[in-house]
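Me: Please take a close look at one part of this model, the aromatic cluster and the helices around it. I would like a connected account that I can follow with the structure open.

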Amino acid sequence: MNKRIFMLSIGLGLLIWTLSPMLAGHREPWDAQGPYYMVSLFIAGLVPALIEPKRFWVWPIGVYLGQVLFIIGASFLLPYAGANLAAAGIVIMVFYMVPTVIGAAIGAGIRTVAARVTTRTKGK
């Protein structure tokens with residue numbers, strides 16, 4: 001496993017929550033009106049898989065861990081309204097990871113197809 005890509009995925013998970021108040025207007029991204037959270041999760045799965053398609057299923061785990069780190073850190077460091085529901089949020093967030101897995105699968109597919117096309121083009 002590429003540790004840098006895994007760290008990138010963790011960073012993307014943290015970034016989703018960090019940017020949520022500015023981009024979505026809510027401290028918790030799943031409370032936002034509109035597609036902010038789902039699109040962010042999809043992109044967070046897509047980007048690492050475009051860089052490294054092997055074991056693409058690992059990158060969503062990093063995104064999940066980044067979000068968990070943010071929730072736990074925010075529970076201790078910020079006057080966080082949802083801190084008493086942090087454990088429930090961490091469990092429910094597993095189901096929200098579906099767009100991340102889909103994004104990672106699509107990213108891996110795009111990268112794999114692009115590699116094959118490049119190989120065929122160079123072979124001619």
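Reply: The protein chain has a mean pLDDT of 89, and 90% of its residues reach 70 or more; pLDDT is the predictor's confidence in each residue, from 0 to 100. This is a predicted model, in which local features need pLDDT of at least 70 and side-chain atom pairs count only at pLDDT 80 or more, while totals for chains, interfaces and linings use all residues. Residues are numbered from 1 along each chain as its sequence is written, and side-chain values use heavy atoms, with hydrogens and water left out. Among the elements of the chain, H2 has the highest mean pLDDT (97) and H4 the lowest (86). Helices (H or I, at least four residues) and strands (E, at least two) are DSSP runs, numbered from the N terminus.

The cluster itself consists of Trp-17, Trp-30, Tyr-37, Phe-70 and Tyr-96. Rings of Phe, Tyr and Trp (its six-membered ring) pair if their centres lie within 6.5 Å; planes under 30 degrees apart count as stacked, over 60 as edge-to-face and the rest as tilted. By this rule the count comes to 5 aromatic pairs. One of them is the tilted pair of Trp-17 and Phe-70, with 5.8 Å from centre to centre and 35 degrees between the planes. Because Trp-17 lies in helix H1 and Phe-70 in helix H3, this pair ties together parts that are 53 residues apart in sequence. Trp-17 is buried at 1% relative accessibility, and Phe-70 is buried with a relative accessible area of 18%; buried means under 20% relative accessible area, exposed over 50% and partly exposed in between (1.4 Å probe, protein chains only).

The rings of Tyr-37 and Tyr-96 have their centres 5.2 Å apart and their planes at 65 degrees, so this pair is edge-to-face. Tyr-37 belongs to helix H2 and Tyr-96 to helix H4, so the pair ties together parts that are 59 residues apart in sequence. Tyr-37 is buried, with a relative accessible area of 3%, whereas Tyr-96 counts as partly exposed at 25% relative accessibility.

The side chains of Gln-67 and Tyr-37 are joined by a polar contact of 2.6 Å. A polar contact is a pair of N or O atoms within 3.5 Å; within protein, one must be able to donate a hydrogen and the other to accept it, and residues adjacent in sequence count only if both atoms are side-chain atoms. Gln-67 is buried, at 0% relative accessibility.

Helix H1, which carries Trp-17, also has a kink of about 30 degrees at that residue, shortly before the proline Pro-21. The bend at a residue is the angle between axes fitted to the seven residues ending there and the seven starting there. Buried residues of H1 include Ile-10, Gly-13, Ile-16 and Trp-17, and what covers the buried residues of this helix includes helix H2 (36-51), H3 and helix H4 (86-96). H1 is followed by Gly-25, whose phi is positive, near 80 degrees.

Methods: Contact = heavy atoms within 4.5 Å.
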